Amino acid sequence: MNTSEILSGVPSEKRAQAETFLKHREAVSVPFLVRAMLFIGSLISASLLVGIADRLLAGIIPVLGRGVLFFGAGVLLAKTSSNLPPLRGAWRRQLGGLIGLAGQIILAFRLTDIPGVSVWMGVLAVAAISYPLFKNPFNRFLWCAAAASSLYAKVDWEWNWNQFAVALSALLAFGVALWLFVKRKFNFYPLAYALVWWSVICAGETAASKMCWYGLNPANAALAACVAVYAVFSHKGNWTRGQIALAAGAVVLSALLNWPTVLALILMYTGFTLRDRVLESLGTAGVVCGLFLFYFTLNAALSAKAALLVASGLILLAVRSVYAK
């Protein structure tokens, strides 16, 4: 069965997502070891080509122009690889991606030659221009995450946002990322992961501040209610016992824990619901790190800290035992 026959049985509203998924499957149809060997060859070839071209054009084209040239060559090589056999197509895609990466790096730092353009603007511009042109998910995530990091440095060092604004931006970014994951917008998954990265670095900003815990405070109660609403509206189909237990556990823990841990719980719940192992792993690691941060930033007696962590662990174990069945 070819691609057109598969797509003919897909509803029209989901055809674009199915086509994107099939293209991704075709891109990774070459075995991993073969792709690794091709990558080594592409890396050597790209290094030689970029180095030779840079030396030959040094006195003819300025650095910014050479960046544009490498960027365009990478896009062209990637575009012309779709109709080639799998091995040749994979090699050309990797070669184009590496040459394009050299151009992206040059552009990101040499756009500062333009008056009024700083480094964070250059990185943000390269990320915005590259996203529709380079289809490689790693390239997309790399530049989106770099743009998020450079923008955060600007926010933290020059704009001096307070912690409330930082936390609010993290929640908004996380909400957009969840929407992209739940809606299965595969083309925007790298952007969604970069938005999760923004939430992570924002969580690190607020980790140094001591938190007071007086039981169920209004902020956590509101966050727990948001988790409950999200669990209801993001779920499709009939509820299983494990999914009910997972949603209930997330709501209970949301009322007790700090907001980075709550975001990690939501991410873990989304991963389990969508059967996405990457989100499951990120969410689980985030819960562990969030609990660690929560313990050291909680302004309470050691006995209260210990009791709260034990209770959180028991809730997670209970949810796991029910979900596993």
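Colleague: Leaving aside neighbours within four places in sequence, which residues is Phe-181 in contact with?
Modeller: This is a predicted model. Phe-181 is one of the residues that touch the most other members of the largest nonpolar core, along with Trp-198 and Leu-267. Beyond four places in sequence, Phe-181 is in contact with Tyr-189, Ala-192, Tyr-193, Val-196, Leu-267, Thr-270, Leu-274 and Leu-279.

Colleague: Which helices each supply at least two residues of this core?
Modeller: The core in question is the largest nonpolar one and has 28 residues. At least two of its residues come from each of H7, H8 (163-182), H9 (189-206) and H12 (259-274).

Colleague: Is Thr-270 buried or exposed?
Modeller: Thr-270 is found in helix H12. Its C-alpha atom is separated by 7.5 Å from that of Val-182, 88 residues apart along the chain. The relative accessible area of Thr-270 is 2% and buried means under 20%, so Thr-270 is buried.

Colleague: How is H6 oriented relative to H7, roughly parallel or roughly antiparallel?
Modeller: The axes of H6 (residues 119-133) and H7 (residues 137-159) come within 9 Å and cross at roughly 155°. Angles over 145 degrees count as roughly antiparallel, so H6 is, relative to H7, roughly antiparallel.

Colleague: How many residues of the contact of H6 with H7 are nonpolar?
Modeller: H6 residues including Trp-120, Val-123 and Tyr-131 meet H7 residues including Arg-140, Trp-143 and Lys-154. In the contact of H6 with H7, one residue is polar and two are charged, while the nonpolar residues number 13.

Conventions. Residues numbered from 1 in each chain as written. Predicted model: local features only at pLDDT ≥ 70, side-chain atom pairs only at ≥ 80, totals over all residues. Heavy atoms only, no water. Axes fitted to C-alpha atoms, helices over the stretch in contact; angles between N-to-C directions. Helix = DSSP H or I, 4+ residues; strand = E, 2+ residues; numbered from the N terminus. Parallel < 35°, antiparallel > 145°, perpendicular 65-115°, else oblique. Contact = heavy atoms within 4.5 Å. Nonpolar A, V, L, I, M, F, W, Y, C, P; charged D, E, K, R; others polar. Core = buried A, V, L, I, M, F, W, Y, C linked by side-chain atoms within 4.5 Å. Buried < 20%, exposed > 50% of the residue type's maximum accessible area, 1.4 Å probe, protein only.
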